[in-house]
Amino acid sequence: AVATARIIPKGNDCFMIGRVAVKKSFRNRKLGAQIIANAENIIMELSGKTALIHSQLQAVPFYEKQGYSPTGQKDFEEDCEHWMLVKHL
């Protein structure tokens, strides 16, 4: 595998996309965008209407390009600043 993500049901037609990763030697090939698009398609197949991503701050611009918007407060997870992002599908 060179790219991965997981999808977690959060209730009320909402799902969390997490642990998005692309092997370093395969980055800049749009694999991250493909993984996100595939995850969104699976969420919609499961009748999901909202996708959330708890992103490290340095990755927020990538997710914004995929149509996600920051929401709420920034917080810390595993000693790293994060921001919750949302996209209505």
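Which element gives the largest share of the lining of the largest pocket? In this predicted model, local features need pLDDT of at least 70, side-chain atom pairs count only at pLDDT 80 or more, and totals for chains, interfaces and linings use all residues. Residues are numbered from 1 along each chain as its sequence is written, and side-chain values use heavy atoms, without hydrogens and water.

Strand 2 supplies that share, with seven residues. Helices (H or I, at least four residues) and strands (E, at least two) are DSSP runs numbered from the N terminus. The pocket is an open set of points on a 1 Å grid over the protein atoms alone, where a 1.4 Å probe fits, with protein on both sides within 12 Å along at least five of seven lines. Its lining residues have an atom within 4 Å of a point. They number 33, and V20, A21, A59, F62 and Y63 lie nearest the centre.

Helix 1 covers residues 31-45. Its residues L31, G32, I36, A39, E40 and I43 are buried, meaning under 20% relative accessible area with a 1.4 Å probe, protein chains only. These buried residues pack against strands 1, 2, 3 and 5 and helix 2. S47 follows helix 1 and has a positive phi, near 70°.

The largest nonpolar core has twelve residues, among them I36, A39, I43 and Y68. Such a core joins buried Ala, Val, Leu, Ile, Met, Phe, Trp, Tyr and Cys residues through side-chain atoms within 4.5 Å. Helix 1 gives the largest share of this core, three residues. Y68 touches residues including I17, I36, E40 and L85, not counting residues up to four places away in sequence; contact means heavy atoms within 4.5 Å.

How values were computed: Expected span 1.5 Å × (residues − 1). Buried < 20%, exposed > 50% of the residue type's maximum accessible area, 1.4 Å probe, protein only.
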